Amino acid sequence: MPAVLGLNFHHDTSAALVVDGRLYAAEEERWSGVKHNHPTRKGTLTAPTRALQWCLEAAGLEPQDIDAVWAASMRPNPAAGWWLAEERDELAALLPTPLGEHLRLLSHHTAHVLSGYLLSGHDHAAGLVIDAGGSSLGSDFGPGRERITGYDLRPDRVDRLHQSMPTVVPSSAGPRRVHSSLGHFYRNLARRVIPPGDEPEGSMMALAAFGDPQRYGAQIRELVRLGNDGEVRIDHPWGSADSSTPLLLGGRAWTADNVAEQPDHKRADLAAAVQEVFAESVVHTARHLQRLTKASTLVFSGGCALNSHLNGQLAADSGFDTLFVAPAPHDAGTAVGAALYGWHYQLGRERLPVPTDAAWGPHPGALPATAVPTGYRALTDLGPGLAPTVATLLADHHIVGWVQGQLEFGPRALGHRSILAHPGHAATRDRLNAIKKRAAYRPFAPAVLAEHATEWFMSAGDPFMNRVARVRRCRADRIAAVTHHDGTARVQSVAVDHQDLHELLEQFHEHTGLPLLLNTSFNRKGTPILRTAEQAVVAAADLGLDALAVGDTLLLADHVPDPHATSLRTR
């Protein structure tokens, strides 16, 4: 059986391997401990060394066993032809010789869109990729980089049929072409709204729920012009990385340097206006793609597809019957898209089944007997008793670290490296925000049994936690810890075949009548989701969690009574 490797050498460095119809994938940050695994210097290329090594070891392969290697191109050089070969040679030099000899490049946005399309199960789909920037465009579109790209996707071909075009702006040296970016636009404004220390884009999306979009909506709309052909043109410099040029609104000059001086309610109002205009712009392009392709399904990927509020609006307003957001729409997912491209389009193999989970990474390893930290005690060999025991703890409003099975790929905790809690009380949300040192207005997501999702939410949710759904009003007061200020929640639907979370949710449902739990990533502020059992023990003690479940072992904080103590063996 052939084996195809996909790699991402840029930020969110990652590796993915498809062999025998199975996908292995991991992000380098889970070994380095550096979130997004940013290179030390901008523009530096970094090989996903340990993620690649793990993929090969997990599949039982050596480098010489790999038949094809694909990676996403990212170099923003003027497209004159020579640069692609130069980038390929530079990347190949970072790999073992057999892999470097096989390496080929495809465009960054094509790798993004295929990381969704080839896992979607749909034959004909429109594809939309929006991020800060991708590959050089080449002579077909003129100098510049991919920003907004539309595709017509079919099992036998990938057609690029929409590309954002540059804006001509005056300068002291004469007119110049600028490729503005919706990704840069959102980040640019987020840096003027969110103080340093908090992740700008995610925090602004959360803060927007507290604001009035009408206060600044008209002025923000003046910065973005929507064309009849699906075009989005952003006035310079608001679609660039320049967040120091003052934005004049309401008699105030907004910059990244003075964000702490802006009143909280006005920051929320600006966040709401930006979120609304951003979503309108993406929906505008999506509707254009629907007219061009006549497809009933939209596949969405790229960094902007991490905006779960946008995705909820896309599902409702884009004109498509179905929205499929790539399981890992950020740059790490380009390794998955590259591997799937080689598997399906180059080697002609059948597409992989539609996933209901992204547990494509390493197991946590065993918990050493010496790993019990001060202030905790261990309950061992629980076996089938683990899920009911943890469900009892959660029903009693204890906060539990949950480390089970293979590591999830992507930025969302999907029930393998999670912190779980009862969704019923807002005080739990406040305690968790304090534990994770997050802004108090940040919401937490629910993981819900898929078969019960529409009883609690106005849509079925998403297995990869990539879109919001409105909470049913009659239910909202019962799940206050996961209901955001605007009445929405970023819903993870948990299918029956989710090996590590479905049973626990069923047990919790039996205890409480609630088929859902609060689910957030198991990590410290500013660090990646953890990988190993040893890391989990250290983090649980550092964060002050009430309990930690690893494999069939449960660590309990000394202040937590033993649930069902008579039936458990304590060491």
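Tutor: Happy to. The count comes to 2 cavities of 30 Å³ or more; on a 1 Å grid over the protein atoms alone, a cavity is a set of points where a 1.4 Å probe fits but cannot get out, and lining residues have an atom within 4 Å of a point. Grid points are joined across faces, edges and corners, and a volume is the space filled by probe spheres set on the points. This is a predicted model, in which local features need pLDDT of at least 70 and side-chain atom pairs count only at pLDDT 80 or more, while totals for chains, interfaces and linings use all residues. Residues are numbered from 1 along each chain as its sequence is written, and side-chain values use heavy atoms, with hydrogens and water left out.

The largest cavity holds about 50 Å³. Its lining includes Ile 148, Met 165, Ser 180 and Leu 182, and strand 12 (residues 232–234) gives the largest share, 3 residues. Helices (H or I, at least four residues) and strands (E, at least two) are DSSP runs, numbered from the N terminus. By class, this lining has 5 nonpolar, 3 polar and 1 charged residues; Ala, Val, Leu, Ile, Met, Phe, Trp, Tyr, Cys and Pro count as nonpolar, Asp, Glu, Lys and Arg as charged, and the others, Gly among them, as polar.

The second largest cavity has a volume of about 40 Å³. Among its lining residues are Ser 115, Pro 327, Trp 360 and Phe 409. Helix 5 (108–120) and helix 11 (333–346) each supply at least two residues there. The classes are 7 nonpolar, 2 polar and no charged.

An open sheet of 8 strands runs in the order 17-26-25-18-19-24-20-23, with mixed pairing; two strands pair if DSSP finds at least two bridges between them. At its edges, strand 17 (376–379) and strand 23 (492–494) each pair on one side only. Neighbouring strands are turned by 30° against each other on average, direction ignored; axes are lines fitted to C-alpha atoms, for helices over the stretch in contact, and angles run from 0 to 180 degrees between N-to-C directions.

Within this sheet, strand 25 (residues 547–550) and strand 26 (residues 553–557) run antiparallel, joined by 4 bridges, and Val 550 stands opposite Thr 553. Helix 17 (residues 533–543) packs on the sheet, its direction making about 170° with that of strand 25; contact means heavy atoms within 4.5 Å. Helix 12 (residues 386–395) runs at about 25° to strand 26.

How values were computed. On a 1 Å grid over the protein atoms alone, a cavity is a set of points where a 1.4 Å probe fits but cannot get out, and a pocket is an open set with protein on both sides within 12 Å along at least five of seven lines; lining residues have an atom within 4 Å of a point.
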